[in-house]
Amino acid sequence: MDDLHVPPGPGAPDGLRIPAGELTERFSHSSGPGGQAVNTSDSRVQLSLDISTTTSLTPAQRTRVLQALASKLSGGVLTVSSSEHRSQFRNRAAARERLAQLLREAIVPPVPRRKTKPSRASRRRRLENKKHRAEIKRNRRRPERD
C-alpha cells in the first residue's frame with residue numbers, strides 16, 4: 001500500500017501526505033454487486049486513520065479535522081468503507097479517494113464573517129412589510145362600534 005496524497009488547497013497549501021503505516025485496511029464480504037462471487041471474495045474495504053495520532057497533520061489542522069468530522073469519528077479514528085465495485089482493488093482506490101476528500105474538506109479553515117450594515121432600501125422594504133402585515137392583522141379584527 002502506498003502513501004495517501006491529499007491535494008493542495010485552503011488549509012494545506014502543499015497538500016498532505018499520510019504515510020501508509022498510519023492507514024489500516026480491513027477486508028470483508030461485500031453485500032454489493034458480484035453475483036455468486038460476492039460470497040467468497042473479500043471485496044469490501046474499510047480504511048481507517050487515527051486522527052489523534054497521525055503525524056501528517058499540524059495541530060491546527062488536527063483541531064479542525066476533529067471538530068469537522070466529530071460525528072464520523074469513533075475514538076479519534078476515521079473509518080471509510082467502500083463496497084460499490086466488484087473488485088477489491090477498485091474498492092481500495094475508492095476508499096482512499098473518499099478519505100482524501102473528507103480530509104481535504106475538513107482542513108479548510110472557516111471563512112471569517114464580515115460585518116455588513118443593511119442597505120437603506122432593505123430597511124425601507126422591511127418597514128413597509130411590517131406596516132403591510134400590521135394592516136392585514138388590523139383588518140381581521142372585529143369592527144368597532146360607533
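**Exercise 1. Classify the exposure of Arg17 and describe its salt bridge.**

Step 1. Arg17 has a relative accessible area of 45% and is partly exposed. The classes are buried under 20% relative accessible area, exposed over 50%, and partly exposed in between (1.4 Å probe, protein chains only). Accessible areas come from the Shrake-Rupley method with a 1.4 Å probe, and for residues only the protein chains shown count as cover.

Step 2. The model is predicted: local features need pLDDT of at least 70, side-chain atom pairs count only at pLDDT 80 or more, and totals for chains, interfaces and linings use all residues. Residues are numbered from 1 along each chain as its sequence is written, and side-chain values use heavy atoms, with hydrogens and water left out.

Step 3. The side chain of Arg17 forms a salt bridge with that of Asp3, at 2.3 Å from N to O. A salt bridge here is a side-chain nitrogen of Lys or Arg within 4 Å of a carboxyl oxygen of Asp or Glu.

Step 4. Arg17 belongs to strand S2 (residues 16-18) and Asp3 to the segment before strand S1 (4-6), so the pair ties together parts 14 residues apart in sequence. Helices (H or I, at least four residues) and strands (E, at least two) are DSSP runs, numbered from the N terminus. Asp3, at 25% relative accessibility, is partly exposed.

**Exercise 2. Which parts of the chain does the pair Glu25 and Arg92 link?**

Step 1. The side chains of Glu25 and Arg92 meet in a salt bridge with an N to O distance of 2.8 Å.

Step 2. Glu25 is in strand S3 (residues 23-28) and Arg92 in helix H2 (residues 88-106), so the pair links distant parts of the chain, 67 residues apart.

**Exercise 3. How many residues apart are Arg138 and Glu135 in helix H3?**

Step 1. A salt bridge joins the side chains of Arg138 and Glu135, at 2.5 Å from N to O. The structure holds five salt bridges.

Step 2. Both residues lie in helix H3, three residues apart, about one turn of the helix.

Step 3. Arg138 is partly exposed with a relative accessible area of 44%, and Glu135 is partly exposed with 36%.

**Exercise 4. Which residues gather in the patch of positive charge on the surface?**

Step 1. The patch consists of Lys117, Arg120, Arg123, Arg126 and Lys130. Lys130 lies in helix H3 (residues 120-140).

Step 2. Patches are made of residues with over 30% relative accessible area and no salt bridge; like charges are joined within 9 Å, and nonpolar side chains (Val, Leu, Ile, Met, Phe, Trp, Tyr) within 5 Å. Lys and Arg count as positive and Asp and Glu as negative, while His and the chain ends are not counted. The place of a charge is NZ of Lys, CZ of Arg, CG of Asp or CD of Glu.

**Exercise 5. Describe the overall form of the protein chain.**

Step 1. The protein chain has three helices and six strands, in the order β-β-β-β-α-β-β-α-α from the N terminus on.

Step 2. The radius of gyration of the protein chain is 27 Å, whereas a compact globule of 146 residues would have one near 15 Å. This radius is taken over C-alpha atoms, and the globule rule is 2.2 Å times the number of residues to the power 0.38.

Step 3. Along the principal axes, the C-alpha atoms fill a box of roughly 90 × 40 × 25 Å. Of the 146 residues, 29% count as buried.

**Exercise 6. What separates the C-alpha atoms of Val6 and Leu103, and those of Arg145 and Phe89?**

Step 1. Val6 lies in strand S1 and is buried, with a relative accessible area of 3%.

Step 2. Arg145 is in the segment after H3 and is exposed, with a relative accessible area of 83%. Arg145 and Phe89 are 56 residues apart in sequence and 84 Å apart in space, C-alpha to C-alpha.
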